[in-house]
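Me: I have a structure to look through and would like to talk it over. Could we take it one part at a time?

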Amino acid sequence: MAATDPGPFLLRRDTRELARGVEALAGELPARDLPDVLAKANRTAVRKGSTTAFAGMSPRPVDWYRLQAGDDDTTDWYPQGIASSSEAGRADVQALAFTWYWKPSAGERGIRITFLGTGTAKYRHVLLVEPKGASYAAINVHAGGLAWHGDLLYVPDTSRGLRVFDLRHIYEVDGDEDRIGVRAGKHHAFGYRYVMPQVDAWRGTGQARFSFAGVDRSTTPHTLVCGEFADPAQQPGAIGRIARWAFAADGTLAAGADGLAPAADAFTLPAPRIQGGLSHRNRWYLSLGAGSTRNGSLLVTDGQAPVKVRKYPVGPEDLSCWQERGQLWSLTEFKGRRAVFAVPL
């Protein structure tokens with residue numbers, strides 16, 4: 001992992017009219033906090049349930065959750081990003097959060113986030129939406145990663161930068177029709193009970209891509225980690241890079257008066273097709289996929305010594321550190337073998 005120019009990862013704050021749209025929703029719908037959403041979770045995962053996600057992996061993960069039928073086997077939604085209440089620095093909940101994107105090319109339903117209470121194994125989906133004037137719309141992005149710091153959630157938008165959501169702005173809708181937005185005075189969200197509107201954005205100013213994300217709480221200040229998925233089949237010779245930005249005290253990115261947030265550093269990745277990346281205590285952890293039938297790999301390095309390769313489940317995605325437990329959490333994406341799982345750091 002050689003140091004490289006962080007310049008392409010310069011971000012510009014791009015709030016636009018998002019705050020006004022969120023304010024409109026706040027005046028019309030009741031706000032619900034995360035503990036309330038978890039208390040009203042309507043789905044149940046099976047802790048250490050039987051799954052084929054691990055295939056020939058040995059040793060097996062130290063902990064995992066298998067999602068319930070309908071989520072484990074759907075071909076409409078695919079899980080991607082993951083974050084933990086530990087990386088957020090939240091002491092009021094013990095939870096995991098993970099993103100999904102809508103796969104069908106027709107009838108776009110955007111992206112959603114799932115909150116799972118690790119003690120109860122109960123979980124609930126929340127639809128992520130973009131304010132549009134007095135209404136809101138689905139967000140058509142890949143949502144390949146997730147970073148959680150304080151109340152703020154950062155979702156990569158591959159070619160644009162980062163979309164920001166705020167746990168202080170979860171709203172319970174008053175409509176249940178299979179449609180999106182405000183219709184005839186009712187707020188609909190494809191049947192979901194809760195929506196979380198986008199509150200902010202950071203726009204990339206260079207040629208960087210934003211594929212996966214995480215938080216490193218072992219640095220001072222804490223840092224946002226975000227990297228590029230590179231597919232040599234589509235970009236011959238491409239490998240990908242990973243960069244870090246300092247957080248400000250309020251959980252936003254540290255930026256100047258001009259709204260620009262420069263990356264603190266950037267590195268080339270040791271292999272292409274990296275699906276998730278994270279730094280913690282001067283080590284890098286990188287998840288590498290190998291298709292829908294073969295085990296992936298977890299790459300571990302201090303950036304200088306040869307990379308250590310650990311066997312990983314089939315279809316590994318984004319990464320999150322649960323610092324107090326000494327665990328690295330991830331999730332698998334493929335139908336019928338979806339698990340949210342942890343291995344030791």
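Predicted model: local features only at pLDDT ≥ 70, side-chain atom pairs only at ≥ 80, totals over all residues.

Me: How many residues of strand 17 are buried?

Reply: Strand 17 covers residues 212-216, and five of its five residues are buried.

Me: Which residues lie on each side of that strand?

Reply: On one side of strand 17 are F212, G214 and D216, and on the other are A213 and V215. Both faces are covered, as each of these residues is buried.

Me: Moving on, where is D231?

Reply: D231 is in the loop that lies between strand 18 (223-227) and strand 19 (241-246).

Me: Is D231 buried or exposed, and why?

Reply: D231 counts as buried because its relative accessibility is 13%, and the cut-off for buried is under 20%.

Me: What lies 3.0 Å from a polar atom of its side chain?

Reply: The backbone nitrogen of A233 lies at that distance from a polar atom of the D231 side chain.

Me: New topic: what is the strand order in the open sheet of five strands?

Reply: The order is 3-4-28-27-26, and the pairing is antiparallel. Strand 3 (46-47) and strand 26 (316-322) are at the edges; each has a single partner strand, so one side of each has no neighbour in the sheet.

Me: How many bridges join strand 27 to strand 28?

Reply: Five bridges join strand 27 (residues 327-332) to strand 28 (residues 339-344), and the two run antiparallel. Within this pair, S330 stands opposite F341 of strand 28.

Me: Last one: where is S84, and is S84 buried or exposed?

Reply: S84 belongs to strand 5 (residues 77-84). S84 is buried, because its relative accessible area is 0%.

Me: Which residues does S84 touch, leaving out those up to four places away in sequence?

Reply: S84 touches A95, L96, W148, S320, C321 and W322.

Me: And how far is S84 from G7?

Reply: S84 and G7 are 77 residues apart in sequence, and their C-alpha atoms are 29 Å apart in space.

How values were computed. Residues numbered from 1 in each chain as written. Heavy atoms only, no water. Helix = DSSP H or I, 4+ residues; strand = E, 2+ residues; numbered from the N terminus. Buried < 20%, exposed > 50% of the residue type's maximum accessible area, 1.4 Å probe, protein only. Polar contact = N/O pair within 3.5 Å; in protein donor to acceptor, adjacent residues only side chain to side chain. Pairing = 2+ DSSP bridges. Contact = heavy atoms within 4.5 Å.
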